[in-house]
Amino acid sequence: MTTSASVSSGPESATAAGGTVTDRIVEANTRYAAAFGHAGMDAKPALHVAVVACMDARLDPLAALGLELGDCHTIRNAGGVVTDDVIRSLTISQRKLGTRSVVLVHHTGCGMETLTEDFRGELEAEVGQRPAWAVECFSDVDQDVRQSMQRVRTSPFLLHTDDVRGFVFDVKSGLLREVDPAT
């Protein structure tokens, strides 16, 4: 499998010239900006939908969901779990930018299934301070999708909680599988 990280962009590449990955990204942005055609795009998503997804590098939410730039708000974090910060973003998305639907996307083979809340203790032992945040690890991806749907549906800050659906993206096939919230 080839990824953008493993494809050389020639001798002009910052990484080939001893630069960093960030140097490569800055160079790529210069090329992107030269052809940028979205200056007049509205911040309000055209499809009035917010997508909460895992940050996993194998998941491209726009492509996987058939969406384009400007169609949705995309909120990503480790596991795609609905945390207080996700509720904050969804609240702003709904109340100030007009979204009405929420789509949750977890995935198979998630790294959050390999962690435990002991990770916080490990960090405390290493750096001398315990994180205030929960790890939000899980052992059952479907159950975590259900929990995330429930957190959205019961938040007092969200105006639109009737169209909340959760899915598991299969990283091997690219297919979505909907999770029944009642199971």
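Modeller: What follows starts with the overall layout and then turns to the pocket.

The model is predicted, so local features need pLDDT of at least 70 and side-chain atom pairs count only at pLDDT 80 or more, while totals for chains, interfaces and linings use all residues. Residues are numbered from 1 along each chain as its sequence is written, and side-chain values use heavy atoms, with hydrogens and water left out.

The protein has five helices and five strands, where helices (H or I, at least four residues) and strands (E, at least two) are DSSP runs numbered from the N terminus. Their order from the N terminus is α-β-α-β-α-β-α-α-β-β. The C-alpha trace spans about 55 × 45 × 35 Å along its principal axes. Of the 183 residues, 33% are buried; buried means under 20% relative accessible area, exposed over 50%, and partly exposed in between (1.4 Å probe, protein chains only).

Now the pocket. A pocket is an open set of points on a 1 Å grid over the protein atoms alone, where a 1.4 Å probe fits, with protein on both sides within 12 Å along at least five of seven lines; lining residues have an atom within 4 Å of a point. The largest pocket holds about 180 Å³ of space, the volume being the space filled by probe spheres set on the points, which are joined across faces, edges and corners. Its lining consists of Asn77, Ala78, Val81, Val82, Thr83, Asp84, Trp133, Ala134, Val135, Glu136 and Arg151. By class, the lining has six nonpolar, two polar and three charged residues. Here Ala, Val, Leu, Ile, Met, Phe, Trp, Tyr, Cys and Pro count as nonpolar, Asp, Glu, Lys and Arg as charged, and the others, Gly among them, as polar.

Two of the lining residues, Glu136 and Arg151, form a salt bridge with an N to O distance of 3.1 Å. The pair links distant parts of the chain, 15 residues apart, with Glu136 in the loop between helix 4 and helix 5 and Arg151 in helix 5. A salt bridge is a side-chain nitrogen of Lys or Arg within 4 Å of a carboxyl oxygen of Asp or Glu; by this rule the count is six. Glu136 counts as buried because its relative accessible area is 16%, whereas Arg151, at 29%, is partly exposed.

The backbone of Glu136 also stands out: its phi is positive, about 65°, although it is not a glycine. Most residues other than glycine have a negative phi. The loop that holds Glu136 runs between helix 4 (118-127) and helix 5 (141-154). Helix 4 is followed by Gly128, with a positive phi near 85°. One of the 10 residues of helix 4 is buried, so this helix lies largely in the open.

Asp84, another lining residue, belongs to the range of helix 3 (residues 84-97), in which Arg88 and Asp85 are three residues apart and therefore separated by about one helical turn. Arg88 and Asp85 form a salt bridge, their closest N and O atoms being 2.7 Å apart. Both are partly exposed, Arg88 with a relative accessible area of 48% and Asp85 with 44%.
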